[in-house]
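Open the structure in your viewer and keep the selection tool at hand. This tour goes from one selection to the next.

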Amino acid sequence: MVPSLQQLGIKSEKQLLGINIGTTAVYFVFTAAGALIVDKFRRRTMIFVGLISMIVFQTATTITSWQYSLHATTAAAALTILWIFLYQTFSATFVATMHNLYPIEILSLPLRAKGMGLYGLIQGGAGAAQTYGIGVGIQKVGYKIWVVYIVYNSIQLVLSWLFFPETSRLSLEEINTVFETPGVHPVKMSLDIQKAKKVRAAASRNEEGSANR
């Protein structure tokens, strides 16, 4: 974060510390907010909204950072910082909660320990690469480093759409059915189960209404 802020002309240690604390606090608060709403929305919806918003704000950050590199105006710097805070807000609300919830839901009990261990290894490696690599990247290509994140998150969005099944409100047995039914794509199977459960719930409500009358 510090190298990207320095690219915007922010050199004061107090300002750098204040913005870093601010983005960390925003991430913490909105991760908690995401935990409160996670069961009100589908998992795929949360992931798609999060990734799309991240791409939007990273694109906006790229544009205003580019404008700052041309004209070095206070407005361009302020807008770039705003996009960074909004990125943190939406990323925390819609994606951060999924980091630990979704892998657990899609892993069967025999695979869960090994799967979460591998997930932790990959997550830690990606976090280290981002933390220590972004400074080098910014020094070499400046604001264009954000394009790398835009491409990466766009790929994530496509892969999520194609391969991430819906697990919201599914039992462990139903999730096993999603992955173990031969000849049916897990995403399609998960959505079909969701649709069937909705139809069944609607039918039950209609029956209860008829009985009460």
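This is a predicted model: local features need pLDDT of at least 70, side-chain atom pairs count only at pLDDT 80 or more; totals for chains, interfaces and linings use all residues.

**Stop 1: Pro3.** Select residues 2-6, which form helix α1, and pick out Pro3 within α1.

Beyond its neighbours within four places in sequence, Pro3 is in contact with Gly135 and Ile138.

**Stop 2: α2 and α4.** Select residues 13-37 for helix α2 and residues 74-106 for helix α4. Two packed helices are described by the angle and the distance between their axes. Here the axes come within 7 Å and cross at roughly 35°. The crossing is right-handed.

Show the side chains where α2 and α4 meet. On α2, look for residues including Gly22, Val26, Phe30 and Gly34. On α4, the contact residues include Ile81, Phe85, Gln88, Ala92 and His99. By class, this contact has 12 nonpolar and 10 polar residues, with no charged ones.

**Stop 3: along α4.** Stay on α4 and select its two end C-alpha atoms. They are 46 Å apart. At 1.5 Å a residue, the 33 residues of α4 should span 48 Å, so the two values agree.

Where does α4 kink? Go to His99: a kink of about 50° lies there, shortly before the proline Pro103.

Notes: Residues are numbered from 1 along each chain as its sequence is written. Side-chain values use heavy atoms; hydrogens and water are left out. Axes are lines fitted to C-alpha atoms, for helices over the stretch in contact, and angles run from 0 to 180 degrees between N-to-C directions. Helices (H or I, at least four residues) and strands (E, at least two) are DSSP runs, numbered from the N terminus. A crossing is left-handed if the near helix is turned anticlockwise from the far one by less than a right angle, and right-handed if clockwise. Contact means heavy atoms within 4.5 Å. Ala, Val, Leu, Ile, Met, Phe, Trp, Tyr, Cys and Pro count as nonpolar, Asp, Glu, Lys and Arg as charged, and the others, Gly among them, as polar. The expected span of a helix is 1.5 Å times one less than its number of residues. The bend at a residue is the angle between axes fitted to the seven residues ending there and the seven starting there.
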